[in-house]
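Trainee: I have a model open and want to learn how to read it. Can we go feature by feature?

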Amino acid sequence: MRFPASPTEIKVIQRPQGATWSTRLQTNFSPEQLADPHVAESETILRKCVHCGFCTATCPTYVVLGDELDSPRGRIYLIKDMLENGRAADSETVTHIDRCLSCLSCLTTCPSGVDYMHLVDHARAHIEKTYKRPFKDRLARSVIAATLPYPSRFRLALGAAGLARPLAGLLKRVPFLRTFGVMLDLAPSALPAARGAKPAVYAAKGTPRARVALLTGCAQPVLRPEINDATIRLLTGQGVEVVVSAGEGCCGALVHHMGRDEQALQAARHNIDVWLKAAEEDGLDAIIITASGCGTTIKDYGHMLRLDPAYAEKAARVSALAKDVTEYLATLDLPEQGARNLTVAYHSACSMQHGQKITSAPKQLLKRAGFSVREPAEGHLCCGSAGTYNILQPEISAKLKARKVRNIEATKPEVIATGNIGCITQIASGTEIPILHTVELLDWAYGGPKPAGL
């Protein structure tokens, strides 16, 4: 362990006789510092940590690297030191915060309710404001932020990557261009034809029983447009009217996790306006999200915009309407189907199980649809995708991918199902077993076409 606890950082709280002892971090923020609502929130989060170390056992980077500073507990100490001393981020702090996947496994594990998600979000925003990264890193991050959240730009970039792929090995040998070589490696060899769910109202079949909006996303419609197609078919077939709103865009998750808060908040405000307009026209029962990474962020809009007087209430309304597609489907009481004799390994995306606490619904839906479902070992550990993580931290990401693929293949499935486009592309690059979005299998079971690749 490289980061021993200091007695000066620990406040011992005596409990009544017969009770256990508990230790909590002692903080020393000034009243002036606490006047900043972001600092005040982080101080409250820090004081909940009892440095028990339970989080280290389930933290992917600690499991892989074995460094205390690459565990939630170690990062909490680094963040505390940085914020409490009111200093700019330094290279060591940035290194270890950058290695965090934001998988949120620690949220599931923590017995003290430490809100690590919002603490690390604040740390990343502070890093973005106070730390000047090397030019090569600034360039790579700027390219990512200007490309991935925009489907048309993303498609053009992937098309160019196809032409430049032979240069990947050369680029990775040049430190200045290494990240771009990694991008070329990750780019798919072929893209589906440009298509996808167009802005429209897709009518419910039979007796209408609900009306929902659908987030079409940014990367997903470029890489796997069939996911949105399957979602619309399945929902409309169950009597649900689906609205794809004109002007809807990226949820902001990608840039949010890079510390680019203003860009993320602008994306959030834009979508809030679009969806509330749809709600005002004919009402909305839910906003359906098919990428769990997006769902975790949209469900957090209320918190992200809590200090914005013009959007705080509107953001809370949108967050309350947001539902993962499996979370919503579980409320529709889909009819039980006969056995399909197809074995499915279900990979629970971190943003699904840890971020949104949705664990049983996808598996129960698959079983009800007639599939035999198997759960891989170490299901709590991240596959290494994590938004842009596999681009910016390729070595750690590759180790996590290999570990995840081994555990999935050990279940001997015929197909893999998951609920996040990042996980789909990451795992698909490491195995020959077909991997589909959960909703594609459900759509097939309830009358849709057989998914390609099966």
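Trainee: Is G447 buried or exposed?

Mentor: First, the ground rules. This is a predicted model, where local features need pLDDT of at least 70, side-chain atom pairs count only at pLDDT 80 or more, and totals for chains, interfaces and linings use all residues. Residues are numbered from 1 along each chain as its sequence is written, and side-chain values use heavy atoms, with hydrogens and water left out. Now the classes: buried means under 20% relative accessible area, exposed over 50%, partly exposed in between (1.4 Å probe, protein chains only). G447 has a relative accessible area of 66%, so G447 is exposed. G447 sits in the segment after helix 26 (438-445). Helices are DSSP runs of H or I with at least four residues, strands are E runs with at least two, and both are numbered from the N terminus.

Trainee: Which class does T326 fall in?

Mentor: T326 is buried, because its relative accessible area is 2%. T326 belongs to helix 20 (residues 325-329). Contact means heavy atoms within 4.5 Å. Leaving aside residues up to four places away in sequence, T326 touches M352, I358, A361, P362, L365 and T438.

Trainee: What is the strand order in the open sheet of five strands?

Mentor: Pairing comes before order: two strands pair if DSSP finds at least two bridges between them. Here the order is 3-5-4-6-7, with mixed pairing. Strand 3 (200-202) and strand 7 (322-324) are the edges, each pairing on one side only. Neighbouring strands of this sheet are turned by 30 degrees against each other on average, direction ignored.

Trainee: How many bridges join strand 6 to strand 7?

Mentor: Three, and the two strands run parallel. I289 has D324 in strand 7 as its bridge partner.

Trainee: Which strands does helix 16 touch?

Mentor: Angles need axes: lines fitted to C-alpha atoms, for helices over the stretch in contact, with angles from 0 to 180 degrees between N-to-C directions. Helix 16 (residues 261-282) packs on the sheet and touches strand 4 (210-215), strand 5 (240-244) and strand 6. The direction of helix 16 makes about 165 degrees with that of strand 4. Helix 19 (residues 312-321) lies across strand 6 and strand 7, at about 25 degrees to strand 7.

Trainee: Where does F135 lie?

Mentor: In helix 9 (residues 135-147). F135 is partly exposed, at a relative accessible area of 48%.
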